[in-house]
Amino acid sequence: MTHLLIPFNDLRAAHADLEPALEAAARRVLTSGWFILGGEVSAFEVEFAAYHGVAHAVGVANGTDALELALRAAGIGRGDEVITVAHTAVPTVCAIERAGATPVLVDIEESTYTIDPAAVEAAITPRTRAILPVHLYGQPADMPALLHIAEARHLLLIEDCAQAHGARLNGALVGTFGHLAAFSFYPTKNLGAVGDGGMVITGDSGYAERLRRLRNYGQVSRYEHAERGINSRLDEMQAALLRVKLPLLDPHNARRRSLAEAYTARLTGTPVLPPAVRDGADHVFHLYVVRSAERDALMERLKARGVGTLIHYAVPVHLQPAYRDLGCHEGSLPVTERIAREILSLPLHLGLTTEDVQTVTEAMRA
Ligand SMILES: Cc1ncc(COP(=O)(O)O)c(C=O)c1O
């Protein structure tokens, strides 16, 4: 493997000052002799719910399961349509299908890259049950507009917060707008585990109770199964480590935001378009995504100068070979398809310095 001067990501940096606390938490789990659905998971659920100011949080095995179980807990399944975007990570769509429902993919706003409320309105049919916005890259979707549609059309609103832990819109945290919200703790996320993990939050005690059953084979008490569930549990080790990291989520997000501001200050006025931030939003920059008509050349040139970049996502879900049967085709989602040819994610992680930002932007100018 060649070593890049500035790698796209460096996950060790998020743990640099935390090692003693993480080691103590890991030791606590090892010596407890209790590894699945125990005190660490319960405590983390309480702390994660409290951070969001919601009544319930239910730990699950990963973010994809969090979405699937949120949909299933809300009673969404076969014959139901769920409106979401093609400009997302594939798991958003995968989870809808695993719940038994049909994903209906719509276009995004040209400036924020999040779901376009007008496109949602246009896609509603008598079978529509839910809207599933993705707060992509750490940018909140237009929740006031989506809430308005959901209320007027009696639809559920289920948020994909996998890339936006701690992001706010008009002062309210993402995940607190909808009926349910799903989070991923995949290691690269703004709140990342050292393996897989996920969480569903909700203010509804009925949904929470059903989520607790569904994640544990539909079990209500030992060996009594009220419905068909799956095995999807957050484990004690991940929960214990995430408890150490949760109090640092806001400062870590502030650090990401200040690096993003440094990039934007240096890119404004160049042919490369920095990301827009929605009015009233506290974007948490899970990814810092720029736009350029010469994206591929830029990516190559940065690589030659030792800067790692990635594309999130080069092929939208509706154009993926696996999802060609969803009823979309090339040209169906013009904004999504256009930006997929032009976007580029620059390095933004907790190991990055403002000097690194300068190095990257100078390599771009060259
Ligand atoms: C937008 C989005 N939704 C869902 C997921 C699924 O999360 P996980 O990888 O934990 O299953 C991810 C992460 O990969 C994601 O980025």
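**Reading backbone, burial and domains in a predicted model**

Q: Where is the place of tyrosine 113 in the chain?

A: In this predicted model, tyrosine 113 sits in the loop that runs between S3 and helix H5 (117–123).

Q: Which phi does phenylalanine 285 have, and is phenylalanine 285 buried or exposed?

A: Phenylalanine 285 is likewise not a glycine, and its phi is positive, at about 45 degrees. It lies in the loop between strand S12 (281–282) and strand S13 (288–291), and with 25 other C-beta atoms within 10 Å phenylalanine 285 is buried.

Q: Which residues does a cis peptide bond join?

A: The bond between histidine 312 and tyrosine 313 is cis, with omega at about 10 degrees. Of this pair, tyrosine 313 belongs to the loop between H10 and helix H11 (334–340).

Q: Which residues of helix H10 are buried, and how are they arranged about the axis?

A: The buried residues of helix H10 (residues 295–304) are Arg295, Leu298 and Leu302. Seen down the axis of H10, these residues fall within an arc of 60 degrees, so they line one face of the helix. That buried set packs against strand S14 (343–346) and helix H12 (354–365), whereas Ala297, Glu300 and Ala304, on the other side of H10, are exposed.

Q: How many of the residues of H3 are buried?

A: For H3 the count is 11 of the 11 residues, so this helix is largely enclosed by the rest of the structure. Charged residues belong to the buried set too, including Asp65, Glu68 and Arg72. Just after H3, glycine 75 takes a positive phi of about 85 degrees.

Q: Which helices supply residues to the shell around the ligand, and which residues come nearest?

A: Helix H3 (63–73) and helix H4 (90–98) each supply at least two residues of that shell. There are 15 residues around the ligand, and those that come nearest are Gly63, Thr64, Ala89, Ala162 and Ser184. By class, the shell holds 5 nonpolar, 8 polar and 2 charged residues.

Q: What does the domain assignment of the chain give, and how many residues are in contact between domain 1 and domain 2?

A: The general idea is that the size of an interface is often given as the accessible area lost when the parts come together. Here the description rests on contacts instead. The assignment gives domain 1 (12–247) and domain 2 (249–365), and 32 residues of domain 1 are in contact with 32 residues of domain 2. On the side of domain 1 that touches domain 2, the elements giving two or more residues are H4, strand S3 (102–106) and strand S6 (168–169). By class, that side has 17 nonpolar, 11 polar and 4 charged residues.

Q: What radius of gyration does the chain have, and what would a compact globule have?

A: A compact globule of 366 residues would have a radius of gyration near 21 Å, and the chain has 20 Å, which agrees. Along its principal axes the C-alpha trace spans about 65 × 55 × 40 Å, and 48% of the residues count as buried.

Definitions and conventions
Residues are numbered from 1 along each chain as its sequence is written. This is a predicted model: local features need pLDDT of at least 70, side-chain atom pairs count only at pLDDT 80 or more; totals for chains, interfaces and linings use all residues. A residue is near a molecule or strand if its C-beta atom, placed from the backbone, lies within 6 Å of it. Helices (H or I, at least four residues) and strands (E, at least two) are DSSP runs, numbered from the N terminus. Domain bounds come from an automatic or database domain assignment. Two residues are in contact if their C-beta atoms, placed from the backbone, lie within 7 Å. The radius of gyration is taken over C-alpha atoms; the globule rule is 2.2 Å times the number of residues to the power 0.38. A residue is buried if 20 or more other C-beta atoms lie within 10 Å of its own, exposed if 12 or fewer, and partly exposed in between; C-beta atoms are placed from the backbone. The arc is that of the directions from the helix axis to the C-beta atoms.
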